[in-house]
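Here's a quick briefing to read with the model open beside you. It looks at a couple of helices first, then at some ring contacts.

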Amino acid sequence: MTDSSGINSSGVQGQGSGAGTLDSSSQGAIAASKPSLSAPGPPNRKQRRHIVLTSHPSRSGLRGQPIDWGQADPVQRGAIVATVSDPSHRNAIGTHSGSYAVYRALAVANGGLCPDHRPDLTNTAPAIAIGPHPSWADPQKIVSLDPFGAGVGEVYQPLLAQGIDIRPTIAVTNAHIQMPELLDALRQGRLAADGAIVKPSGDLVVTKAAVEPVWYLPGVAQRLGVSEDDLRYALFEQTGGMFPELVTRPDLKVFLPPIGGITVYLVGDVAAITDPGRPVTVRVHDECNGSDVFGSDICTCRPYLVHGLEECIRTAQQGGAGVIVYFRKEGRALGEVTKFLVYNARKRQQGGDRADAYFARTECVAGVQDVRFQELMPDVLHWLGITRIDRFVSMSDMKYNAIVRSGIEIVERVPIPDDLVPPDARVEIEAKKAAGYYTDQGVPSEEDLIQIKGRNLTD
Ligand SMILES: [Zn+2]
């Protein structure tokens, strides 16, 4: 018998240990049986553990609690169990740590990590409390993260005590950050040390949160304007069939996708975020390793990120709060290989790198200009309880529209100051302005775009 996921699953129940074992002689016939939880350490080549396929619940005796997404009470909503230590408890597709789950697999494969390891969550609770906010109980407002993901160790203590392996998907801690641009801003008098938010040394005191993606598939489908079936099939096929449950388990509504997560940097008093009498500044930033970390001059990413931090500090020093949200969406979520291919195509095209052909080159290589789909981005703002942004440090019309559509008011948009744009990044920023990015200096014309050129590849 072959199921819809294409996996031969004949004779999966009640088989002896030999038939239930995946080994090199089984020719791909994977059988389900109870896992041998007592197996010490990783499987070796001679004695592999049995594999439990969770793609067909009636065959494998799964009893994971269903998730009632959008419930205000996390216990009624249900704990999200995406760990693999006991497949019978799972009620989600995918697993923790995003793409790093693959490295975890390598550590298990080479014997460095015991597959049954359970984390000791002692002293790992959030450094500050965030929420709960009314948005947490609104299934329309949050569909791509678990709002209760930071409080797992406390909220689900009774379930953890019963041996159910529930893991936090959000962690919140404190940090001091040191950036040369902020030290320059202090020296030049644009910023002042106040002793609490900015130390006399120039250290910036922040709270930061790491957030793993947890997708409620019906909500994600609705946000994207597609059917849940179409979403599930596309996710299944485009990951090379990595998650058969996407198509075989419509009862499982939650998916932890193998993608990068979000980091939130909070500056100032977190209580100001939800206080209507105090200002809030926000920058939503998508990862750009080339500029953010290595200072590449072809785009405005790091200068704009640091400008956003400066704006956050000023707002915090006025009694408000600043929020930087950093998404792992490298190269418009097309990845860095595609990004570098596009750089070459831009710089080698006839007439050189120019603003009028900026988006066309990306589309030629990737088939699309951008796959970031900002529709899911506002969820993290709703997790923080934001209902109004006084200063939005971004020129992106897609980000602005997604946030406003989600019910958050934006009072003012803050473009990048012109003197922070590196010369070679003119091509990008002017092309974006012409395409609808916010500017307070007038939109460049087609004629203007043709004149705006970047460096050659060999310069
Ligand atoms: Zn960039």
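This is a predicted model: local features need pLDDT of at least 70, side-chain atom pairs count only at pLDDT 80 or more; totals for chains, interfaces and linings use all residues.

**Helices and rings at a glance**

**Helix H14**
- H14 spans residues 358-366, and its buried residues are Tyr-358, Phe-359, Arg-361 and Thr-362.
- Those four sit on the same side of H14, because the arc they cover around the axis is only 160°.
- Packed against the buried residues of H14 are helices H12 (330-333), H13 (336-348) and H17 (426-434).

**Helix H6**
- In H6 (residues 180-187), Leu-182, Ala-185 and Leu-186 are buried.
- They share one side of H6, since their arc around the axis is only 100°.
- H6 is followed by Gly-189, which has a positive phi near 85°.

**Aromatic rings**
- The whole structure holds 7 aromatic pairs.
- Phe-340 and Tyr-343 count as stacked because their ring centres are 5.9 Å apart and their planes sit at 20°.
- These two are 3 residues apart in helix H13, so about one helical turn separates them.
- Phe-340 is partly exposed at 43% relative accessible area, while Tyr-343 counts as buried at 18%.
- Trp-215, Phe-243 and Phe-255 make up one aromatic cluster.

**Charges over rings**
- Arg-283 places its charged end over the ring of Tyr-304, 4.2 Å from the ring centre.
- Lys-329 has its charged end over the ring of Phe-327, 4.4 Å from the centre.

Conventions
Residues are numbered from 1 along each chain as its sequence is written. Side-chain values use heavy atoms; hydrogens and water are left out. Buried means under 20% relative accessible area, exposed over 50%, partly exposed in between (1.4 Å probe, protein chains only). The arc is that of the directions from the helix axis to the C-beta atoms. Contact means heavy atoms within 4.5 Å. Rings of Phe, Tyr and Trp (its six-membered ring) pair if their centres lie within 6.5 Å; planes under 30 degrees apart count as stacked, over 60 as edge-to-face and the rest as tilted. A charge sits over a ring if NZ of Lys or CZ of Arg is within 6 Å of the ring centre and within 35 degrees of the ring normal.
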